[in-house]
Amino acid sequence: MKQVTRPDTDEYFLKIALVVAERSTCRRHHVGAVAVKNKHILATGYNGAPAGLKDCLELGCLRNEMNIPSGTRHEICRGIHAEQNVIIQASLHGVSLEGSTIYCTHTPCNLCAKMLVNAKIGRLVSFGEYDDSAFIDLFQQADIKVDIKKRPRLQISYLD
């Protein structure tokens, strides 16, 4: 009989964040975020242009054109970060993120970290590190737990 390895909860939701990231319209990084509470998905978000507007896949990347390094000058970008979009999606559907865990393919920039603090999340789980580590001190002050895991297996296991 075929043996299937069942992922633990963190690996499971990180894999879902990877699938969410596939929707990204950013030319630099594909980032996905999943808000979870009591093992239930509350909202998802990925990085890209505001809904209904032209994105970087169509128009090109302003930051690349201006040689702006990753982790700086976030205002020169038409995209919204995955963490911002997960907060926005939860809000649009009347869902509180208080006490939730955010599973994200990358650690947050400082701006997203401040938003996650105000959304009162309880934990952040990631495997990728963004070029901005300011979130660490901010999350420590806000008593938000951070877990950096190994990148999950990119294989989907199932039985036919």
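**Terms against values**

Tutor: β3 and β4 pair in the parallel sense over 5 bridges. This is a predicted model, in which local features need pLDDT of at least 70, side-chain atom pairs count only at pLDDT 80 or more, and totals for chains, interfaces and linings use all residues. Residues are numbered from 1 along each chain as its sequence is written, and side-chain values use heavy atoms, with hydrogens and water left out.

Student: Why are β3 and β4 said to pair?

Tutor: Two strands pair if DSSP finds at least two bridges between them. β3 and β4 have 5 bridges, so they pair. Tyr103 stands opposite Val125 in β4. Strands themselves are DSSP runs of E, at least two residues; helices are runs of H or I, at least four; both are numbered from the N terminus.

Student: What makes β3 largely enclosed?

Tutor: Buried means under 20% relative accessible area, exposed over 50%, partly exposed in between (1.4 Å probe, protein chains only). In β3, 6 of the 6 residues are buried, so the strand is largely enclosed by the rest of the structure.

Student: Why is Ser157 called partly exposed?

Tutor: Its relative accessible area is 28%. Ser157 is found in the segment after β5 (145-148).

Student: Which residues does Ser157 contact, leaving aside its neighbours within four places in sequence?

Tutor: Val4 and Thr5. Contact means heavy atoms within 4.5 Å.

Student: How do you know that the buried residues of α5 line one face?

Tutor: The buried residues are Cys112, Ala113 and Leu116. Down the axis of α5 they fall within an arc of 105°, so they line one face of the helix. The arc is that of the directions from the helix axis to the C-beta atoms. Their cover includes α4, β3, β4 (123-128) and α6.

Student: What is counted as a nonpolar core?

Tutor: A set of buried Ala, Val, Leu, Ile, Met, Phe, Trp, Tyr and Cys residues joined through side-chain atoms within 4.5 Å. The largest here has 18 residues. Its largest share, 3 residues, comes from α4.
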